[in-house]
Structures are given as C-alpha cells and as structure tokens.
Amino acid sequence: MPDPLPPDFRWGVATSAYQIEGATTADGRGPSIWDTFTHDGDHVADGTTGDVACDHYRRYREDVALLADLGVNAYRFSLAWPRIQPSGTGVGNPDGLAFYDRLVDSLLERGIDPVATLYHWDLPLTLQAAGGWTARETAYRFADYAAIVSAALGDRVRLWITLNEPAIHTIYGHFWGMHAPGLQLFDDPFPVAHHQLLGHGLAVAALRADSAAPVAIANNYSPAWAVGPDGERGSATDEDRAAADAYDAFHNRLYTDPLLLCRYPDGLHGFSGADRLAGENDLVRPGDLATISTWLDALGVNYYNPAGIGAPSWPGPLPYDMRLIEGFPTTYFGWPVVPDGLRDLLVSLRQRYAHVLPDMYVTESGCSYEDVPGPDGIFEDEDRIAYLSGHVDAVRAAVAAGVPVRGYFVWSLLDNFEWTEGFTKRFGLVHVDFATQRRTPKASYAWYRALIRA
Ligand code: FCB
C-alpha cells in the first residue's frame with residue numbers, strides 16, 4: 001500500500017526553552033515564574049531546577065548537529081519570553097534575540113525548518129506580580145512580545161506556535177498549583193484560560209504583521225475515557241460518562257471550540273466560575289471571541305494518552321475523578337500506551353470541527369522510560385521505539401482516513417528538565433548525562449533517522 005503521508009510531511013522533534021536552555025541569567029535574561037517556582041519550596045521531585053538543564057544555550061551548535069544527523073526537516077523549540085523582554089514589557093533585549101537569531105540561522109543552514117513556540121509556560125516574573133494570566137493585561141503584553149519576535153525572526157521562522165498547552169498551564173499551574181505559578185484558583189480558573197486564548201488571538205495578528213509564516217497553537221488533547229472503578233471502559237456507568245463529558249469540556253473543548261467555533265463549549269456547568277464564560281461580561285468582553293477565533297493556519301496536537309475518568313467520589317472542586325486505565329502497558333511515568341487513541345483523536349477532531357478544521361500537526365508525541373545503558377554504553381530503548389512506531393502508524397491511519405495531518409514531532413530531542421519530575425523522567429531520543437552534559441543518541445534516534453530516510 002502506498003504511504004498516505006504527503007511528500008512534504010514534516011518530521012521533527014520538539015523541545016522547550018526552560019527545559020533545555022539553562023543559562024537563566026545570561027545576557028540579560030530576566031526571571032520567569034519557573035525560576036522562582038523551582039527555587040522556592042519543594043515543588044520538584046528531585047529538588048533540581050532548570051538553571052543548567054541541558055546547557056543548550058551554550059551548546060546549541062552541538063544540538064543542531066544532532067538534529068541534522070537525525071535528518072529531521074523541522075525543529076520545534078520555544079523562545080524564552082524573559083530573554084526577549086526581561087521584565088515582560090518594553091523593547092526587545094538584543095542579546096536575547098541574538099541567541100534565537102543564531103539558532104534559527106544554524107537550523108536553516110542545515111535545511112531544517114524552524115518551528116517557534118512563543119510561550120511554553122515561562123512567564124516573566126514581573127508579569128506574574130501584576131496578576132499573570134489572571135489579568136487581562138497579560139494578553140496584550142503577550143501580543144507586544146509576539147510583535148517583537150515577529151519583527152526579528154519573521155522572515156525565517158517557517159511555522160509559529162503561539163501557546164503551548166494552555167489547558168495544562170491552567171489546570172496544573174493555576175488550579176492544582178503543582179506547576180508554576182503554583183496557584184489554586186478552585187473557584188474560578190476560567191480567567192486564566194480566557195486570557196491565554198485572548199493573548200493567542202492578539203498574537204496571531206501581531207505575528208502576521210511581520211511574517212508570512214503560518215500560525216498555529218499547540219493544544220494538549222487527552223481523550224476522555226469513561227471507566228469504572230476497575231479501570232475498564234466496559235464497567236463505566238452513565239454517571240461516569242457524564243463525568244467524562246465534563247472532563248472533555250474542561251480539558252479539551254475549552255481550548256478548541258473558541259478557536260474554531262467562536263464560542264465556549266457546553267458541558268462546563270459543573271465547574272465553579274464557568275458561568276462567566278456564557279455571554280458577555282467583564283471577563284468575556286464584546287469582540288473577544290472574534291479575536292480568539294482569528295483564522296488559524298494549523299492546529300497543533302500534543303497527545304500522550306487518554307484520561308480515565310469516573311464520577312466524582314468526593315465533593316472536591318472538580319465534577320470528575322481521574323481513574324487508572326487498565327489493560328494497556330504503561331510508560332515509566334505510569335501513562336497508558338494507547339497509540340490508537342491518537343488515530344481516534346485525530347479522526348474525532350476532524351468530525352467535530354469538520355470544514356473549519358485547519359491542517360494539523362502532531363506537535364508532541366513521546367514517552368519516558370528508564371533508559372538503562374547496556375554494558376557497551378548503548379541505550380537500547382526498544383520500548384520507546386515501539387511507542388513511537390505505534391503512534392506514527394496511528395498518524396498514517398488517520399491520514400489514510402482523510403484527516404489533514406502535515407507533520408509529527410517527537411517529544412523530545414534530548415532528555416531534559418521534566419517540570420515537577422526534574423531529571424527523573426527521560427523523554428529524549430538522545431540521552432543526556434546531566435553531570436557532564438554528554439549527549440548519547442539512543443537506539444530510538446537511529447530508528448527515527450531510518451524512518452525519516454525511508
Ligand atoms: C507536555 C509538555 C512538555 C513535556 C511533555 C512530557 O505536556 O508540553 O513540555 O513536559 O508534556
């Protein structure tokens with residue numbers, strides 16, 4: 001059977017600034033919410049920070065050589081907002097911009113398309129002090145930042161991504177408080193969601209002012225599976241299914257319906273504060289939804305696993321319980337490995353959004369495993385190869401079914417700073433020894449290279 005993927009399909013890998021760059025005070029970079037969050041208290045499993053991470057800021061040439069050797073034709077990275085605007089406002093910091101200038105040029109020299117994410121959760125600290133994403137002003141500051149970046153790099157970046165996973169940033173950072181900025185807005189997390197979406201819409205226009213490159217957003221999609229207490233779908237009750245629908249509204253549709261359908265989704269009535277999303281008021285102002293639904297060139301899909309959901313067992317702040325899904329292998333993170341979930345997700349996005357769905361990219365897909373080296377020092381990460389190969393097959397199946405997927409980005413090029421897990425969860429195609437910064441490609445790197453070549 002002929003390969004259904006188009007010849008210009010983008011095969012890439014993805015990273016983010018705080019997780020790899022280090023050099024958090026170099027060349028005028030200001031502090032971000034993740035700097036203080038990792039330094040204060042014990043938020044990170046192994047007590048580490050991103051101060052050094054993969055030292056990519058200094059070693060980016062070596063990392064670009066790894067990308068070139070891997071044979072990818074696209075590389076998704078993020079810009080650290082506090083490098084560009086150290087205090088979140090004002091003119092661009094030339095030294096910060098110069099780093100991304102060098103990075104972008106060295107990618108292009110190797111024939112690799114730069115895919116730049118503007119925001120992967122590292123808000124300048126001064127903006128947090130002014131309310132962060134709870135404040136409407138932050139959306140306008142984000143657009144200012146987008147304009148600076150577009151003027152500097154807009155002639156060479158090939159695909160823009162405004163936000164990374166506003167759902168995770170809202171839920172983990174501003175609801176449970178286990179990510180920066182560590183807020184627990186149980187009564188009203190929705191301003192954080194709305195202001196990110198508004199910032200996205202404003203940024204789309206700001207990017208287009210100086211750049212012809214297409215613009216996307218990278219959303220996290222976690223398909224909601226109603227399961228019974230035993231983790232099986234077959235034992236789910238009507239209450240479990242209602243809870244799964246609420247989860248789907250809160251985690252998935254909340255960040256896609258306004259973009260593509262120009263409205264907030266149904267199904268949020270069980271969440272405190274959600275009434276503020278209905279109609280126009282001091283939060284959702286006239287014109288906001290039109291701004292948010294500014295035409296998107298592409299939709300980025302980050303997929304790791306479905307979520308097992310059941311009816312709430314306690315009167316907590318959410319109208320659902322998370323439940324373990326049984327019957328699938330799991331990664332070192334404990335996440336179920338469900339490659340068909342990616343195919344089903346892509347097909348269901350196509351069904352739900354139909355003619356308004358733009359091209360899609362799988363902007364993150366990957367897994368963490370323990371990655372113990374063999375006696376020869378080689379990392380034979382067969383489980384990662386099986387994971388990725390299953391997910392690439394799922395993309396092929398979706399494309400064969402008529403879903404417009406234009407690229408696939410493995411998370412991640414390098415083992416890196418995995419947020420609250422610190423350095424304990426490795427997602428890289430390339431192993432990093434964090435004591436020496438030595439990079440060692442794993443077997444999955446050779447596998448991905450062969451796949452791209454073929
Ligand atoms: C995603 C994040 C990314 C990385 C992977 C494992 O949710 O976007 O930074 O942490 O998970």
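**Figure 1. Overall fold of the predicted chain.** The chain has 15 helices and 13 strands (DSSP runs, with H or I of at least four residues for helices and E of at least two for strands, numbered from the N terminus). Its radius of gyration is 21 Å, close to the 22 Å that the globule rule gives for 454 residues, so the chain is as compact as a globular protein of that length (taken over C-alpha atoms; the rule is 2.2 Å times the number of residues to the power 0.38). The C-alpha trace spans about 50 × 50 × 45 Å along its principal axes. This is a predicted model, in which local features need pLDDT of at least 70, side-chain atom pairs count only at pLDDT 80 or more, and totals for chains, interfaces and linings use all residues. Residues are numbered from 1 along each chain as its sequence is written, and side-chain values use heavy atoms, with hydrogens and water left out.

**Figure 2. Residues around the ligand.** Gln19, His120, Trp121, Asn164, Glu165, Tyr304, Glu364, Trp411, Glu418, Trp419 and Phe427 surround the ligand (a heavy atom within 4 Å). This shell has five nonpolar, three polar and three charged residues.

Figure 3. Polar contacts here are pairs of N or O atoms within 3.5 Å. Oxygen atoms of the ligand lie 2.7 Å from a polar side-chain atom of Glu418 and 2.8 Å from one of His120. For Glu364, the distance from a side-chain N or O atom to a ligand oxygen is 3.0 Å. The protein covers 95% of the 290 Å² of accessible area that the ligand has on its own (Shrake-Rupley method, 1.4 Å probe).

Note on methods:
Polar contact = N/O pair within 3.5 Å; in protein donor to acceptor, adjacent residues only side chain to side chain. Nonpolar A, V, L, I, M, F, W, Y, C, P; charged D, E, K, R; others polar.
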